[in-house]
Amino acid sequence: MSLETRHAAKRFRRKITGYAACLLPFEADGSIAREAFQAAVARTTDAGLGCAVNMDTGYANYLTPVERSEILGLTKEVIAGRRDFVAGVFVEGVEGDLVDLYRRQMDEIVSFGGTPILFQTTRFHDWAPDQIVELYAKVCEGHESVFGFELGKMFAPNGMIYDEETIRGLMTIPALKGIKHSSLDRGKELRRLEIRDEVRPEFMIFTGNDLGIDMTEYGSDYLLGLAAFCPEKFALRDQYWLEGDERYAELTDALQYLGNIGFRAPVPAYKHSCAVFQHLIGRIPTSEPHKLCPRRPDWEAGIIEDCAKRLGYAL
C-alpha cells in the first residue's frame with residue numbers, strides 16, 4: 001500500500017470502540033491487590049472503555065483457574081451489568097479435548113456477564129486453515145458473542161498470526177464477532193481491514209498494536225494493554241477523533257511515546273512498566289509485577305515519570 005493510498009484510507013470522525021486490558025496489581029506481600037484492581041475496572045468503565053480481564057496484561061498465563069474465576073467475580077461486582085466486559089479463555093498446557101476445554105471456560109465467563117476471547121494454543125500451531133476454522137466453529141456454536149485473538153510470539157509462545165485463508169474462514173462464523181490482532185505489523189493489520197470490508201463489514205478488528213495506536217484511524221477498534229496505563233486518556237483521544245479536534249494529534253503523540261517505552265523489548269516486560277506507571281500516579285499499592293513476569297531495570301521509574309508528565313499527570 002502506497003503512502004497516498006494509506007492516507008486516503010483514513011476514516012475521520014469515526015466512533016471508536018475501545019477496550020483496556022486491565023493490569024492485575026499486587027500488594028507488597030505478593031497477593032492480588034483486589035481493591036486496586038476493582039478501582040481500575042471502575043475507572044476504565046467510567047471513562048467509557050470496555051474492560052478486558054484475564055488477558056496477557058492480567059497475567060492469564062500465570063493465574064490458576066481459581067484465580068481467574070475470582071477475577072471474573074471481582075469484575076462483575078464493579079460493572080454490575082452496566083456494560084459488557086471481555087475475559088480471556090486460556091487453555092495452553094491443559095490436557096483434554098480442546099473444544100471441551102474452551103467451552104467450559106467460555107460458559108463460566110458468560111455466567112459472569114462477560115464475552116469470551118479465545119487465546120491460542122500451541123496444540124493447533126501446525127494445523128491447516130480448515131482445521132482451525134472448524135475448531136472455532138465448534139467452540140463458538142450456541143454462543144451469542146465470542147472474540148478471537150491473534151497473538152504474535154513476541155508476546156507469548158502460544159500465540160500465532162493466522163494466514164489469510166484462516167482469517168477469511170473465521171469471519172464466516174456467525175458467533176465470532178471480531179478478532180484482536182497483535183502482530184505489531186501495520187501492513188498485516190491493514191490487510192485484515194481490507195479482508196474484513198470485503199467479507200464481513202460488521203466484523204470487528206481490534207488492534208493490539210501498542211506501537212501503532214493510530215491504527216484506529218484506518219478502521220480498527222482496539223483492545224490494548226497500553227490503554228490499561230491510563231484509560232481516561234485513551235477515552236479522551238477517541239473523543240477528540242470523533243469531534244475532529246486538533247488536540248487529538250498531541251495526545252496521540254504522548255500516548256505513543258508511552259507505548260514505545262512500555263512495549264520495548266523484551267515485550268512481555270511491558271506489564272512491569274505498566275505497574276511502575278500505575279504506582280507512580282498513585283493508583284496501585286506497589287510497582288511489582290507478577291513474580292513470573294519479566295522485569296524492567298531499576299531505572300524504569302525515571303523514564304516512565306517522563307511519560308506521565310507528557311500526559312499531564314502531576315507527580
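# Helix packing, burial and backbone geometry

User: What is the handedness of the crossing where α3 passes α4?

Analyst: α3 passes α4 in a right-handed crossing. Helices here are DSSP runs of H or I with at least four residues, and strands are runs of E with at least two, numbered from the N terminus. The model is predicted, with pLDDT of at least 70 required for local features and 80 or more for side-chain atom pairs, while totals for chains, interfaces and linings use all residues. Residues are numbered from 1 along each chain as its sequence is written, and side-chain values use heavy atoms, without hydrogens or water.

User: What makes α3 roughly parallel to α4?

Analyst: The angle. α3 (residues 65-79) and α4 (residues 98-111) pack at about 20 degrees, with axes 10 Å apart. That makes the pair roughly parallel, because the class takes angles under 35 degrees; over 145 is roughly antiparallel, 65 to 115 roughly perpendicular, and the rest oblique. The axes are lines fitted to C-alpha atoms, for helices over the stretch in contact, and the angles run from 0 to 180 degrees between N-to-C directions.

User: Which residues of α3 and α4 meet, and what classes do they fall into?

Analyst: Arg-68, Ser-69, Leu-72 and Lys-76 of α3 meet Gln-105, Glu-108, Ile-109 and Ser-111 of α4. They divide into two nonpolar, three polar and three charged. Contact means heavy atoms within 4.5 Å. Ala, Val, Leu, Ile, Met, Phe, Trp, Tyr, Cys and Pro count as nonpolar; Asp, Glu, Lys and Arg as charged; the others, Gly among them, as polar.

User: What describes the packing of α10 against α11?

Analyst: Helix α10 (residues 270-280) and helix α11 (residues 300-310) have axes that come within 9 Å and cross at roughly 65 degrees. α10 passes α11 in a right-handed crossing. Ser-273, Val-276, Phe-277 and Leu-280 meet Glu-300, Ala-301, Ile-304, Glu-305 and Ala-308. The classes are six nonpolar, one polar and two charged.

User: How do you know that Met-171 is buried?

Analyst: Its relative accessible area is 2%. Buried means under 20%, exposed over 50%, and partly exposed in between, using a 1.4 Å probe and protein chains only. Met-171 sits in the loop between α6 (164-170) and β6 (176-182). Beyond four places in sequence, Met-171 touches Arg-192, Ile-195, Arg-196, Val-199, Arg-200, Phe-203 and Ile-205.

User: What makes Arg-247 partly exposed?

Analyst: Its relative accessible area of 48% puts Arg-247 in the partly exposed class. Arg-247 lies in α9.

User: Why does Phe-147 count as buried?

Analyst: Phe-147 has 5% relative accessibility, so it counts as buried. Phe-147 belongs to strand β5 (residues 146-151). Phe-147 and Ile-117 are 30 residues apart in sequence, yet 4.5 Å apart in space, C-alpha to C-alpha. Contacts of Phe-147 outside four places in sequence include Tyr-19, Val-86, Ile-117, Leu-176 and Phe-206.

User: What makes a nonpolar core, and which residues have the most contacts inside the largest one?

Analyst: A nonpolar core is a set of buried Ala, Val, Leu, Ile, Met, Phe, Trp, Tyr and Cys residues joined through side-chain atoms within 4.5 Å. The largest has 105 residues, and Tyr-102 and Phe-277 have the most contacts inside it. Beyond four places in sequence, Phe-277 is in contact with Phe-229, Cys-230, Leu-258, Ile-304, Ala-308, Leu-311 and Tyr-313.

User: What backbone value does Asn-54 have, and is Asn-54 buried or exposed?

Analyst: Phi of Asn-54 is near 55 degrees, positive in a residue other than glycine. Most residues other than glycine have a negative phi. Asn-54 is in the loop between β2 (50-53) and α3. At 4% relative accessibility, Asn-54 is buried. Tyr-59 lies in the loop between β2 and α3, with phi near 60 degrees. Tyr-59 counts as buried at 0%.

User: Which peptide bond is cis, with omega near -10 degrees?

Analyst: The bond from Ala-265 to Pro-266. Pro-266 is placed in the loop between α9 and α10.

Definitions and conventions
A crossing is left-handed if the near helix is turned anticlockwise from the far one by less than a right angle, and right-handed if clockwise.
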